[in-house]
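Subject: Structure handover

Hello,

The structure is placed below for you to open. My notes on what was found in it follow.

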Protein chains: 2
Amino acid sequence: MTAGVLVIGDEILSGRTQDTNTSYIARFLGALGIDLREARVVPDDQTEIVAALNGLRARYDYVFTTGGIGPTHDDITADAIAAAFDVGIDYHPEVLAALGARYRPGEFNEMRKRMARIPFTASLVKNSVSAAPGFQIGNVFVMAGVPMIMRAMLEDIAPKLRRGMPVAVETVQTRLPEGRIAAGLAQIQKDNPGLAIGSYPFCREDGNGVQLVVRGRNSAAVEAAADAIEEMVQAQGGEAQRLPK
Amino acid sequence: MTAGVLVIGDEILSGRTQDTNTSYIARFLGALGIDLREARVVPDDQTEIVAALNGLRARYDYVFTTGGIGPTHDDITADAIAAAFDVGIDYHPEVLAALGARYRPGEFNEMRKRMARIPFTASLVKNSVSAAPGFQIGNVFVMAGVPMIMRAMLEDIAPKLRRGMPVAVETVQTRLPEGRIAAGLAQIQKDNPGLAIGSYPFCREDGNGVQLVVRGRNSAAVEAAADAIEEMVQAQGGEAQRLPK
């Protein structure tokens with residue numbers, strides 16, 4: 001099972017806001033055995049959103065979008081998704097009622113009603129934080145950009161997803177420099193073509209080092225490769241530390 | 001002037017590592033008047049890197065890549081870029097010499113030499129942190145993924161970039177809910193089609209609110225629109241606070 005993420009928002013591309021939703025979604029999906037294969041960030045522009053979404057939804061089992069479903073003029077995601085799927089869009093009666101119940105008389109204005117606009121054929125994605133829902137249409141899940149609300153929406157989405165086999169991960173850390181263990185690591189990768197072995201150096205105040213990460217769906221093979229990495233590090237004169245999962 | 005960012009790395013897509021380079025590049029370019037229009041994250045896979053890079057470099061004035069230029073087997077960016085540009089790749093004598101000088105005799109092994117592989121026709125991007133360079137080929141700048149090194153590379157790149165007119169930004173903050181000011185804000189956006197006005201709600205321990213951000217290249221128009229937003233917020237019974245730049 002594969003997925004793509006589409007982050008929608010000028011505020012990410014201007015650097016005003018640090019996106020943290022992509023990494024949260026990645027970990028959330030990883031636990032369900034769904035691989036995030038690609039992420040894209042596009043501006044609040046319908047043409048850009050439609051093109052990116054249509055590219056992603058044709059390619060992956062699921063697409064998750066974040067951002068652009070609030071009440072203001074720059075929230076254009078629902079309309080863009082309707083355009084991408086070539087369906088109409090209108091106020092959803094159930095959402096209108098739920099939103100209306102949240103406001104005092106006279107406060108449920110036209111802009112707030114925008115949050116009830118849901119493309120035809122879509123089903124609602126609810127959340128425990130806000131009365132404004134996301135929605136699912138085809139293999140696309142449309143979520144809020146505010147992380148707290150986005151995370152609550154993922155809880156609602158999880159039971160609807162087909163799961164894959166979860167990925168097993170083992171991490172070996174050493175203070176040896178990357179260049180000292182690179183040849184041994186390449187050999188272990190070569191011996192294990194079904195696993196993905198990554199090397200991630202770090203620079204910290206207490207010294208530098210590298211984390212060697214083995215990922216794969218065969219947990220015994222992942223375990224064995226991590227053991228091989230530990231032995232290789234020790235053979236190079238380093239200390240190897242297996243990090244907790 | 002426009003730009004795209006290509007983040008290369010399995011560790012971002014697994015959620016293991018939070019990408020912060022994109023937002024740093026966005027702010028860095030913004031100060032030079034270059035608009036970041038799109039960002040993509042792809043795995044350590046040559047086919048994916050080549051396809052995404054060729055899409056981005058045809059579309060934007062500049063493309064900035066991060067990640068995958070270290071010494072280990074999963075560092076495949078240089079080869080992928082050479083493939084995307086259909087040029088050869090080999091050890092760069094100047095880089096070999098600079099790297100070689102950093103290591104003790106016998107420590108400059110084959111894997112470390114990989115960091116000296118530079119595509120033909122590319123020029124080097126140096127940095128103050130590491131002897132391993134990035135490179136420029138065509139309109140593409142290839143940088144390290146480690147943020148400290150990536151930032152140092154941007155300092156080397158900056159003088160090579162054609163600049164645009166910087167974007168002026170004004171931010172008005174209010175504790176009113178977004179739905180109360182959405183209609184007034186939409187009108188101000190309508191009155192100022194040349195500006196980009198964004199609405200970004202926040203939830204904090206000291207209470208909720210929204211930041212209204214005006215961006216544009218005409219600083220007087222940005223200033224006037226921010227003034228209009230302040231007046232609109234006050235007319236709605238809220239307090240408006242102009243945030244420092």
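In what order do the four strands of the open sheet of chain A run, and is the pairing parallel or antiparallel? The order is S10-S11-S9-S12, and the pairing is antiparallel. Strands here are DSSP runs (E) of at least two residues and helices are DSSP runs (H or I) of at least four, both numbered from the N terminus. Two strands count as paired if DSSP finds at least two bridges between them.

Before the rest, two notes on the source. This is a predicted model, in which local features need pLDDT of at least 70 and side-chain atom pairs count only at pLDDT 80 or more, while totals for chains, interfaces and linings use all residues. Residues are numbered from 1 along each chain as its sequence is written, and chains are lettered from A and ligands numbered from 1 in the order in which they are written.

The sheet in chain A

The edges of this sheet are strand S10 (196-204) and strand S12 (240-242) of chain A, each of which pairs on one side only. On average, neighbouring strands are turned by 25° against each other, with direction ignored. Axes are lines fitted to C-alpha atoms (for helices, over the stretch in contact), and angles run from 0 to 180 degrees between N-to-C directions. Nine bridges join S10(A) to strand S11 (residues 207-216) of chain A in the antiparallel sense. Within that pair, Tyr200(A) has Gln211(A) as its bridge partner. Helix H9(A) packs on the sheet and touches strand S9 (168-174), S10, S11 and S12 of chain A; the direction of H9(A) makes about 10° with that of S9(A). Touching means contact between residues, that is, C-beta atoms, placed from the backbone, that lie within 7 Å.

Two helices in chain A

Helix H8 (residues 178-191) and helix H9 (residues 219-235) of chain A have axes that come within 10 Å and cross at roughly 155°. That makes H8(A) roughly antiparallel to H9(A). The cut-offs are: under 35 degrees is roughly parallel, over 145 roughly antiparallel, 65 to 115 roughly perpendicular, and the rest oblique. The crossing is right-handed; a crossing has this hand if the near helix is turned clockwise from the far one by less than a right angle, and is left-handed if anticlockwise. On the H8(A) side, Ile181(A), Gly184(A), Leu185(A) and Ile188(A) meet Ala225(A), Ala228(A), Ile229(A), Met232(A) and Val233(A) of H9(A). By class, this contact has eight nonpolar residues, one polar and no charged. Nonpolar covers Ala, Val, Leu, Ile, Met, Phe, Trp, Tyr, Cys and Pro; charged covers Asp, Glu, Lys and Arg; the others, Gly among them, are polar.

Chain A also has a domain assignment: domain 1 (2-160) and domain 2 (168-242). Such bounds come from an automatic or database assignment. The C-alpha centres of the two domains lie 38 Å apart.

Chain B

Thr174(B) takes part in both pairings: Thr174(B) stands opposite Val210(B) in S11(B) and opposite Ala240(B) in S12(B). Val210(B) also stands opposite Pro201(B). S10(B) and S11(B) are joined by nine antiparallel bridges and form a hairpin with two residues between them.

Helix H3 (residues 46-59) and helix H4 (residues 77-85) of chain B pack at about 50°, with axes 9 Å apart. That makes H3(B) oblique to H4(B). H3(B) passes H4(B) in a right-handed crossing. Their contact has seven nonpolar, three polar and one charged residues.

Where the chains meet

How many residues of chain B are in contact with chain A? There are 48, and they touch 48 residues of chain A. Elements that each supply at least two residues to the chain B side include helix H2 (21-31), strand S2 (35-42) and helix H8 (178-191). That side divides into 21 nonpolar, 15 polar and 12 charged residues. Strand S2 (residues 35-42) of chain A pairs with S2(B) in the antiparallel sense over three bridges. In this pairing, Ala39(A) stands opposite Val41(B).

Regards

Key. Two residues are in contact if their C-beta atoms, placed from the backbone, lie within 7 Å.
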